[in-house]
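Keep the model open while you read.

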Amino acid sequence: MGDAAGPLSSWRFAGEFRRSQLTIFEAVGAVPGEAPERQLHIVAPPGSGKTLVGLEVARQDGARALALAPTTTIRSQWARSARQLAAGTWGGDDGSPPASAAAVPPVSEDPASLGDFTALTYQMLSVLETSNPFNELARVEWIDELVEAGRSSAAADAWLTDLAATNRAAYQRGVRRRSGRLRKDVVRADPAALEAALHPNARALITRIADHGVTTLILDECHHLLDHWAVVVHCLAGRIRERGVEPLIIGLTATLPSEDDRTLYENYTGLLGDVDYELPTPAVVKEGNLAPYRDFAWFVTPTPDELTFLRTQDRQLDQLVSETLAGADGLDFLEHTLVGGGAGSGSGAGAAAGAGSETRTALLPPTGRELESRLAAAFKADFTIAEAAMRELAELDPHHDIVRAGGPAATTRPSTEQRLRVLARYALERILPDPERAALWAKTRGVLADFGYHLTDRGVRRGRDPIDQVLATSAAKDSAIGEILRLELGTDTGSDMRAVVLVDFAVHGHGTASRGDRAGALRCFDTVVADPRLTVLRPVMVTGQHVRIAARDTAALLPRLAAILGRELATSETPNPAVVELETAGLGSAAVVAAVSQLVAEGSVRLLVGTRGLLGEGWDCPAVNTLIDLSVAATSAATQQLRGRTLRLDPTWPEKVAHNWTVACVLEADTKLDGTSDVARLTRKHAQVWGIALDETAAVVRGLEHTLTSRQRVQLDALSAKRVPATRAADLNRATVEALPRRSDTRLQWRIGEDYLGEERAALAISGPPKRRPFASSVTLQFVLLMLGTLLVLALLQLERFGSRLREMPVGGAVVTVLFALAVTLWGARDILGELWRSVRQRALPATAYQGAAFAIARVLHSRDFVRAFGRGNIAVVPQHATPRVVSHYTVEVRGGSLAEQRLLLDTLEELMAPVRSPRFLLEIGVSPLSLRNPVSWLAGRITSLLGVRTRYLQVPAVLGKRRADAQLFAREWTRQVGPCTLHEIDSPEELALLTRARKRSAAPDTRTTRREVWA
């Protein structure tokens, strides 16, 4: 615990804390008179006042503090804010200090002269002894591997020395691979190993900080703490603990790092623990402390040169398929893969007959149940390759018996990746073993390499995808800047627009498809300058090495820049005569960026092109209100940082509203090649971004739902799948133009200043063809008519049987006998009537069926203590109408419980609605085993069976199918909550055949599910 009379205890904030900041203080226990927790992990968006939060927590602790930042710009912001807080002069309502704040000790940015509060960069603490101290450790590990393989230590060392001299590239690759693993594993297990590798100056600084009495560590932009930076901070914290004090560690970030690399993520969480409080962006917008905003997407198609390159690739692939898989041996291989002993079986008759044979082998595809059983076995053995082989066979021979057995899903056109994987497997199993086909092996390897697959005798490995490279770096994206900005300039706030275009690097990409013209800021700026309608914006380009302006703007911009920077600026020519380079050597990128930012604030420059490394994290220019994102960075951390550039309040435009655009490149339907990688990137970028839903203006949602309308999302899916050739990128853009809201309307929709709950709720949107009910079986109407007819016939037979006796009875006795006979008939049919009602309900009332399905899942999850007890009323199903009479989709929302519980329940429902793969249990819906307690039930069951009534199938989700008891409970709950069903366990050849039929008769073959999260 800090000293109440410590160096920082006299600091004071002169203003009023925001509601969100007070909420954070309360959530993490940082309130006056109470000691805060010693490890705090806070997530809040850029511009939300994290700096003040960190300083206030440090002030309450009172002890000497160190703030670490990833850049010098952010470091200086911390020092400036600390000086104001120390002087008691920081009280601006926007939470940002005046630019003219005076330097007030004891705040320091000098590692040689530490203050009561010191701001440094992470790099100062983590300077390594050499460029990579792990190289020697990697070499030692390599030698150990060679020794283990049978060499002596001396021979292994000599071999590596020789390899380094004769094939330096191979040697460096081996060292790099082992070095990277050591950085993640060995060093993480032994932080002292990294400390020993640090430069003596860095080790001395760590010691000096601990000796100085620093016990509070503020880790800004802490999502960077994944690799050795995290371990260095561990070392520093350990040094402080050695002095008998538990450090107060405050981690601040706008977003969490990706969990893709578990080792690196554990480095992060091991230092900071779980998140103590996460402040969502909508809360800060609602409070009026960030600008309201909208996200949009703009779609382009590759340029003619790029399309020529891609079509050449397409032709090469088609030609290779014709030479291999379309031939007799290729079709034989596909058959063997699917029904000749399991997926990928290379030991069947086809392989034995000789790979080069152009006659079909003796394999006769099985029929009936055997065919279904073998297909199911292939899919169970290797679903990925079996699905790819099935789709490829359907493309080559759509009337094949195997294809018909596969059902509608089999006829889906194979993706490019599926075609390539089948080709690679065929090459390994049929071409490589045949020496006479060496030329085809070489050609296949070459074509696969063109698509980013590296084929060797050990298998196939995925590399860089050249198609994705073309789409990600397409020159058409540069041209889209002009289209977007002309659209923005034409709005009622066009005169207030200040735009920034962010790319990954100054120059990047291979340039293969664009005549060597490589993507990046330089190419992008040339395109912008060439657009005459953007002349009014006076664009400027800034990267780490370049500052460029249009030659026509030299007279207008050069004198002002020189005045701000305090020195004359010379210009030099560039390969583009319309663009000139400014000579800024010796000024430093931070000074140049600050000067250009001032021009943007003044309005002298209204368009800035730059790299995300320079203008992303830490860059502060409140005047910017329009972002065009051309970067390929799709992590939540990178996306949140880029979006944060436009959200800061602008004192010169109190009604500021930000527009954020993402440009994606897609392929039209005239090529078989997939063009979905950029669409997938677009989806990932928006997965963690909140915004106002386009279809429901009152809802704040996360994901593409606030970027595209539901109709646009359907169109995009169709374009990606090439199902609807009439859907084009231009159609998507036209819809965006038509629906583009005025910025003032967006501001009203955000309802700034109104109360909010601050809760997140998970939901699932389920859509499909309007006339198809996902849970409805085709048996329902037939079943209803059959059972009613059966009951009527049986009732008449009963009457006929007793007719002669009835005529001899008194009237009263006859009436009683008739009523008794009808009662017996109806009593015997009560099971049937109950199931009839449930069948009708699940067909006529899909919302009720969805609710029942979710509730059945919830009941099973609760039985395992995975979620709390939910009532049926906790699950809301709301129909969303495309027109007054047509429901476009249903939204399933779980109310109550934690967000984690809601996500688990909806994840399970989404898996239930997915196409059948290879589950352990299947749910056959639409019929159930009728109790055969009387002739009525028996006869109804027999007639239904003889008629071969078709039912539908759902896969039991994995979490419900791990134990047989859970699956059985789920089937019982389904019967109660939804309708008739039968549970099947896939544990025999007969049941494997059922699995194939289930794929053909999926309960919802055209159903589309979309996860959504709602903030309120």
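Rings of Phe, Tyr and Trp (its six-membered ring) pair if their centres lie within 6.5 Å. With that cut-off in mind, look at Phe-13, Phe-17 and Phe-25: they form one aromatic cluster. The model is a predicted one.

**Aromatic pairs**

The whole structure holds 13 aromatic pairs. Trp-298 is buried, at 6% relative accessible area. Trp-661 is buried too, with a relative accessibility of 0%.

Phe-970 and Trp-974 also form an edge-to-face pair. Both belong to helix 41 (residues 964–977). They are four residues apart there, so about one helical turn separates them. Phe-970 has a relative accessible area of 0% and counts as buried. Trp-974 is likewise buried, at 0%.

The table sets out the geometry of these two pairs.

| Pair | Centre to centre | Angle between planes |
|---|---|---|
| Phe-970 and Trp-974 | 6.0 Å | 65° |

**Charges over rings**

Rings here also meet charged side chains. Which ring lies under the charged end of Arg-151? The ring of Trp-159 does, with its centre 4.8 Å from that charged end. Arg-917 lies over the face of Phe-383, at 3.8 Å from the ring centre.

Now turn to a sheet. Three strands make up an open sheet, in the order 25-24-26. Their pairing is antiparallel. Strands of a sheet pair through backbone hydrogen bonds. Strand 25 (952–955) and strand 26 (981–985) stand at the edges. Each has a single partner strand, so one side of each is left without a neighbour in the sheet. On average, neighbouring strands of this sheet are turned by 30° against each other, direction ignored.

Strand 24 covers residues 921–925. Four bridges connect strand 24 with strand 25, in the antiparallel sense. Leu-923 stands opposite Leu-954 in strand 25.

Which helix lies across strand 24, strand 25 and strand 26? Helix 41 does, and it runs at about 165° to strand 26. Helix 41 is also the helix that holds Phe-970 and Trp-974.

Terms used: Residues numbered from 1 in each chain as written. Predicted model: local features only at pLDDT ≥ 70, side-chain atom pairs only at ≥ 80, totals over all residues. Heavy atoms only, no water. Phe/Tyr/Trp six-rings, centres within 6.5 Å; stacked < 30°, edge-to-face > 60°. Buried < 20%, exposed > 50% of the residue type's maximum accessible area, 1.4 Å probe, protein only. Helix = DSSP H or I, 4+ residues; strand = E, 2+ residues; numbered from the N terminus. Lys NZ or Arg CZ within 6 Å of the ring centre and 35° of its normal. Pairing = 2+ DSSP bridges. Axes fitted to C-alpha atoms, helices over the stretch in contact; angles between N-to-C directions. Contact = heavy atoms within 4.5 Å.
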